[in-house]
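Below is a short briefing on one protein chain. Look over the sequence and the structure first, then read the points grouped by topic.

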Amino acid sequence: MKKLISFFASLAIFAASANAISFNSQFRASETSPFVLQFGPDLIMGGTTTAFFATSYIIGHNGTLPPWDGTIYSKEDVNSFDRFFMQPYNHKLHQIGTFTCVTDMIAPAIVFGAEAIFNKLPAKELITIGTMYLESFMLAYGIKDCSKVIVKRIRPYMYFEGYPQDKVDDFDFEKSFPSGHTTNSFLGAAFTTYVFGKYYPEGWQKWAVGISTFGIAAATGCLRIASGNHFPTDVLTGAAIGTLCGFIVPFIHHQMLKNTPMLIIGNSQIKVEPTINGISFTCSL
């Protein structure tokens, strides 16, 4: 129930922000669509991300994690950098960190959904954006979950009294590296910022979107450390994974435009190019 409340509260905040951007801006998406879906490359990309996702799920549910013997772990076993920042468990900060994470995760849906509602972005572009985001999410999810089960790093709160018993019972206390919340938050921030910048290359709005989403992502990472859930190195690695996955997938779809079909007849060129309103035929004589 608390996660649902966090989700809908985040939804309301981003809806209001996107609404304000739409009403106060006089810009529209560029005439030419900056991204394209192609059956072959997307089949390969979709298959790869699905494989990562499925592998992480299978390993996570069938992997053997050692049970805790009831002894508080020694802080001396932690490297000096991570030891300096480690904190005991704080449930309130954990909840706030989940809230900020969800806020960034739904940012693409709210920002681009609002643009479509206010006719600044053709609704059919949401299919392309949604497909790219799904591929990005599954890739990031697979990488971070496989890493968690393989590394088996103990969370910081297990080095203090007052650890959450439910996390011990479900073996989540052994999945510190990398930070999943931070991965998801930076994924949403990087994806929204990059895609928004390609649709709207002019204007200050792209900077507002980037600063706000990455600001929330940074706050998520800090909260994961302050709540005792993660070490700084967990957070930094999660930020790198999320940013890379949020950028690389739409970047590949943007690069696909360079391979748009072109028919050359003598000195004439006929180029078929996807646009936000359909398909454009350009003839150069």
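**Confidence and overall make-up**

pLDDT, the predictor's confidence in each residue from 0 to 100, stays under 50 over residues 275-285. For that stretch the model has 35 contacts (heavy atoms within 4.5 Å) beyond four places in sequence. This is a predicted model, in which local features need pLDDT of at least 70 and side-chain atom pairs count only at pLDDT 80 or more, while totals for chains, interfaces and linings use all residues. Residues are numbered from 1 along each chain as its sequence is written, and side-chain values use heavy atoms, with hydrogens and water left out.

*Confidence*

- The chain has a mean pLDDT of 82, and 78% of its residues reach 70 or more.
- Residues 1-27 have pLDDT below 50, and this stretch has 41 contacts in the model beyond near neighbours in sequence.
- Where pLDDT is low, the predicted coordinates should not be read in detail.

*The whole chain*

- The chain holds 10 helices and three strands; these are DSSP runs numbered from the N terminus, with helices being H or I of at least four residues and strands E of at least two.
- Read from the N terminus, the order of elements is α-α-α-α-α-α-α-α-α-α-β-β-β.
- Of the 285 residues, 46% count as buried, meaning under 20% relative accessible area with a 1.4 Å probe, protein chains only.
- Among contacts between residues at least 6 apart in sequence, 81% join residues at least 24 apart.

*Helices α4 and α8*

- Helix α4 packs against helix α8 (residues 180-199) at an angle of about 30°, and their axes are 7 Å apart; axes are lines fitted to C-alpha atoms over the stretch in contact, and angles run from 0 to 180 degrees between N-to-C directions.
- α4 is therefore roughly parallel to α8, a term for angles under 35 degrees.
- Residues of α4 that meet α8 include Gly97, Thr98 and Cys101, and their partners in α8 include His181, Asn184 and Gly188.
- Thr98 lies in helix α4 and counts as buried because its relative accessibility is 12%.
- The side chains of Thr98 and His181 are joined by a polar contact of 3.2 Å; such a contact is a pair of N or O atoms within 3.5 Å, and within protein one must be able to donate a hydrogen and the other to accept it, with residues adjacent in sequence counting only if both atoms are side-chain atoms.

*Around Tyr89*

- Tyr89 sits in the loop between α3 (80-85) and α4 (91-105).
- Tyr89 and Tyr157 are 68 residues apart in sequence, yet their C-alpha atoms are 5.1 Å apart in space.
- Beyond four places in sequence, the contacts of Tyr89 include His94, Tyr157, Pro164 and Asn229.
- The side chain of Tyr89 also makes a polar contact of 3.1 Å with the side chain of His91.

Conventions
Buried means under 20% relative accessible area, exposed over 50%, partly exposed in between (1.4 Å probe, protein chains only). Angles under 35 degrees count as roughly parallel, over 145 as roughly antiparallel, 65 to 115 as roughly perpendicular and the rest as oblique.
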